[in-house]
Amino acid sequence: MAFLVFEGIDGAGKSTLISSLQQRLLEQKQEVVITREPGGTPLGEALRQLLLKTDGDIPVPRAELLLYEAIRAQHVERVIKPALQKKQWILCDRYTSSTLAFQAGGRELDSQPIQWLNFFATDGVEPNLFILLDLPPTEGQNRMQAREKDRFEIEELSFHERVRNYYLKLASEKPNQWLVLNALQSPQSLFEQLLHHLEKQSW
Ligand code: TYD
């Protein structure tokens, strides 16, 4: 088993990759937990609605950061730790590195308090691997045209460029913790590369 986190800008194709892997693991009779941030628990899903809506009292960047971290603390206690104890696979759509990429990279908040808050919220629980689906933001935006957009998806291109660059920086700082995939490739090819990597690790 392993705790895997899927990261990337909006439209990178995380959901497709997660469901392909889920299917494969279920075929192998493995126990799998699929979860996401913001969300993953009833409290987290309720806060997610408040965080992503584009009208009403929009949180200022520091409030936004703290809400993501509150959701994370709940998620780690209620979902991640119990699944780790049961030795289940965890496929998680976004985690601590989203906060660094979006709130430090995108919103340009200081990264130091974010690192501390990430540690506090997770109680030090880290995934085995972050999988970055790397995509140029222009392509992400093309792919999202049909969807109804949340508060991040309506941000300008330069915001998403900063997010992407921050992810790449994180991955280059800790190459053993990251698998970077070029998300311009077909879903099948991305899936094969991920499987290859997981087999290499014997997970
Ligand atoms: P996501 O669930 O990936 O959106 P969608 O349902 O459209 O695929 O994530 C919602 C947004 O929240 C996404 O734009 C990234 C943002 N986000 C942060 O800004 N900080 C965080 O810590 C997390 C977890 C997400």
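Glu45 is partly exposed, at 25% relative accessibility (buried means under 20% relative accessible area, exposed over 50%, partly exposed in between; 1.4 Å probe, protein chains only). The model is predicted: local features need pLDDT of at least 70, side-chain atom pairs count only at pLDDT 80 or more, and totals for chains, interfaces and linings use all residues. Residues are numbered from 1 along each chain as its sequence is written, and side-chain values use heavy atoms, leaving out hydrogens and water.

Glu45 forms a salt bridge with Arg36, with the closest N and O atoms 2.7 Å apart. A salt bridge is a side-chain nitrogen of Lys or Arg within 4 Å of a carboxyl oxygen of Asp or Glu. Arg36 is also partly exposed, at 32%. By this rule the count is 17 salt bridges.

Glu64 forms a salt bridge with Arg151, at 2.9 Å between the closest N and O atoms. The pair links distant parts of the chain: Glu64 lies in helix α3 and Arg151 in the loop between α6 (137–144) and α7 (157–173), 87 residues apart. Helices are DSSP runs (H or I, at least four residues), numbered from the N terminus. Glu64 is buried, with a relative accessible area of 0%. Arg151 is buried at 7%.

Arg107 and Glu155 meet in a salt bridge of 2.8 Å, N to O. Arg107 lies in the loop between α4 and α5 (111–122) and Glu155 in the loop between α6 and α7, so the pair ties together parts 48 residues apart in sequence. Arg107 is buried at 19% relative accessibility, whereas Glu155 is partly exposed at 24%. Glu64, Arg107, Arg151 and Glu155 are linked in a network of salt bridges.

Technical notes
Helices (H or I, at least four residues) and strands (E, at least two) are DSSP runs, numbered from the N terminus.
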